[in-house]
Amino acid sequence: MTPSKENYIKIIYQLEETGGGKILTNSIAEKLETKASSVTDMLKKLEDKGWVTYTKYQGVNLTQSGKKLALELVRKHRLWETFLVKNLKYGWEEVHSIADQLEHIHSDSLVEKLDAFLGFPKADPHGEPIPDRDGKIHTPDLLKLSEAKPGKKYILEGVVQPTDVFLRYLNKLGLHIGTEFS
């Protein structure tokens, strides 16, 4: 499996998680900054491998084996982010692109040892849940900031799909995972 194919699988998974339904080629092209025609070509290859079901003009979804692969990639990515922040002291705003590179290492043994070394974390430095080795994700029931009531105290537990720019902004405000605010 090439890193390019893995990136497609991961993007489709992320789009399914946030929007549901059939994922359109234009949505994938936008995320990957490529042409819709290139996406269509790749989707046909992924379908041949049994990782997606694709219907022209209607979109794509992951198959069970595609979702399993996506969860493995997400797991590796989030474990690497955790390692980089906890052990190499990178800022939470710096680790995404590095973890994007590291997630393509193919070694189940390395991933298991990394997970154990980190103490089997349940969430990455951004508060996003880390799938376990079976692909199960424990998603805590959290309140969105938009649902918070003025004058009450809250603790920042996670940042959904964080961007480097937004994380730097939170740094300026002094907000990190575990920060209490009102």
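## Gly-19 and the end of helix H1

Gly-19 counts as exposed because its relative accessibility is 60%, where exposed means over 50% relative accessible area, buried under 20% and partly exposed in between (1.4 Å probe, protein chains only). Gly-19 lies in helix H1; helices (H or I, at least four residues) and strands (E, at least two) are DSSP runs numbered from the N terminus. H1 is followed by Gly-20, which has a positive phi near 70°.

The model is predicted: local features need pLDDT of at least 70 and side-chain atom pairs count only at pLDDT 80 or more, whereas totals for chains, interfaces and linings use all residues. Residues are numbered from 1 along each chain as its sequence is written, and side-chain values use heavy atoms, with hydrogens and water left out.

Helix H1 comprises 17 residues (residues 3-19), which at 1.5 Å a residue should span 24 Å; the end C-alpha atoms are 24 Å apart, in agreement. The expected span is 1.5 Å times one less than the number of residues.

The buried residues of H1 are Lys-5, Glu-6, Tyr-8, Ile-9, Lys-10, Ile-11, Ile-12, Tyr-13, Leu-15 and Glu-16. Their cover includes helices H2 (25-32), H3 (36-48), H4 (64-86) and H5 (95-102), together with strands S1 (52-55) and S2 (59-62). Here contact means heavy atoms within 4.5 Å.

## Nonpolar cores

A nonpolar core is a set of buried Ala, Val, Leu, Ile, Met, Phe, Trp, Tyr and Cys residues joined through side-chain atoms within 4.5 Å. The largest such core has 23 residues, and those with the most contacts inside it are Ile-9, Ile-12, Ile-28, Leu-43, Leu-46 and Val-60. Two or more residues each come from H1, H2, H3, S1, S2 and H4. H1 gives the most, with six residues.

Leaving aside residues up to four places away in sequence, Val-60 touches Ile-12, Glu-16, Lys-22, Ile-23, Ile-28, Leu-43, Val-52, Thr-53 and Tyr-54. A second, separate core of eight residues includes Leu-79, Val-111, Leu-114 and Ile-130.

## Packing of H1 against H4

The axes of H1 and H4 are 9 Å apart and the helices pack at an angle of about 95°. H1 is therefore roughly perpendicular to H4, a class that covers 65 to 115 degrees, with under 35 roughly parallel, over 145 roughly antiparallel and the rest oblique. Axes are lines fitted to C-alpha atoms, for helices over the stretch in contact, and angles run from 0 to 180 degrees between N-to-C directions.

From H1, Glu-6, Ile-9, Lys-10 and Tyr-13 meet Gly-66, Lys-67, Leu-69, Ala-70, Leu-71, Leu-73, Val-74 and His-77 of H4. The residues of this contact divide into seven nonpolar, two polar and three charged. Ala, Val, Leu, Ile, Met, Phe, Trp, Tyr, Cys and Pro count as nonpolar, Asp, Glu, Lys and Arg as charged, and the others, Gly among them, as polar.

H3 has 13 residues and reaches 19 Å from its first C-alpha to its last, close to the expected 18 Å. Val-39, Thr-40, Met-42, Leu-43 and Leu-46 are its buried residues, and their cover includes H1, H2, S1 and S2.

H2 and H3 pack at about 110°, with axes 8 Å apart; H2 is therefore roughly perpendicular to H3. Thr-25, Asn-26, Ile-28 and Ala-29 of H2 make the contact with Ala-36, Val-39, Thr-40 and Leu-43 of H3. Five of the residues in this contact are nonpolar, three are polar and none is charged.
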